[in-house]
Amino acid sequence: MPPANVFDEARDALERSVRELREQLSQAEEALEKLGGKATRRSSGRRGPGRPKGSTNKASGGAAAPRKRRKRRGGTRADQAVNLIESQPGISASDVAKTMKIKPNYLYRVLGDLEKEGRVKKDGRQYYPTGG
């Protein structure tokens, strides 16, 4: 096993390198700001372990960008379910889910919302389209 001072020397050399790199980074960010660029300060907005790239810890002062929501494509699941119920009145929720190839647990929530909106009506386990 090498003597302990070899490890101490290696650690000291790495710490010096890190200090020099931080100084260079600081100078480069300063120059970038003067040229009208946007500097990326990583020390205060570092993301936590297990966090996806682009996210920051709000407590540490990182400015999080607003989240972009995905736009819906064509018809929503609710519209697809209504169309299926209109084409097959009296269909059960599990059959709708099988036809749409989605999990019934998710569909029950969608169907509940559709029932509240008055787009479908439920009679026992069967769903029917409403007139409006």
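A salt bridge here is a side-chain nitrogen of Lys or Arg within 4 Å of a carboxyl oxygen of Asp or Glu. Searching the whole structure turns up four of them. Keep in mind that this is a predicted model, where local features need pLDDT of at least 70, side-chain atom pairs count only at pLDDT 80 or more, and totals for chains, interfaces and linings use all residues. Residues are numbered from 1 along each chain as its sequence is written, and side-chain values use heavy atoms, with hydrogens and water left out.

**Salt bridges**
- D79 pairs with R119, with the closest N and O atoms 2.7 Å apart.
- D79 sits in helix 2 and R119 in the loop between helix 4 and strand 2 (120-123), so the pair ties together parts 40 residues apart in sequence.
- R119 also bridges to E117, at 3.9 Å between the closest N and O atoms.
- Put together, D79, E117 and R119 make up a network of salt bridges.
- R109 and D113 meet in a salt bridge too (3.7 Å, N to O); both lie in helix 4, four residues apart, about one turn of the helix.

**Helix packing**
- Helix 2 (residues 77-87) packs against helix 4 (residues 104-117) at about 80°, with the axes 10 Å apart.
- That makes the two helices roughly perpendicular (65 to 115 degrees).
- By class, their contact (heavy atoms within 4.5 Å) has nine nonpolar, no polar and one charged residues.

How values were computed. Axes fitted to C-alpha atoms, helices over the stretch in contact; angles between N-to-C directions. Parallel < 35°, antiparallel > 145°, perpendicular 65-115°, else oblique. Nonpolar A, V, L, I, M, F, W, Y, C, P; charged D, E, K, R; others polar.
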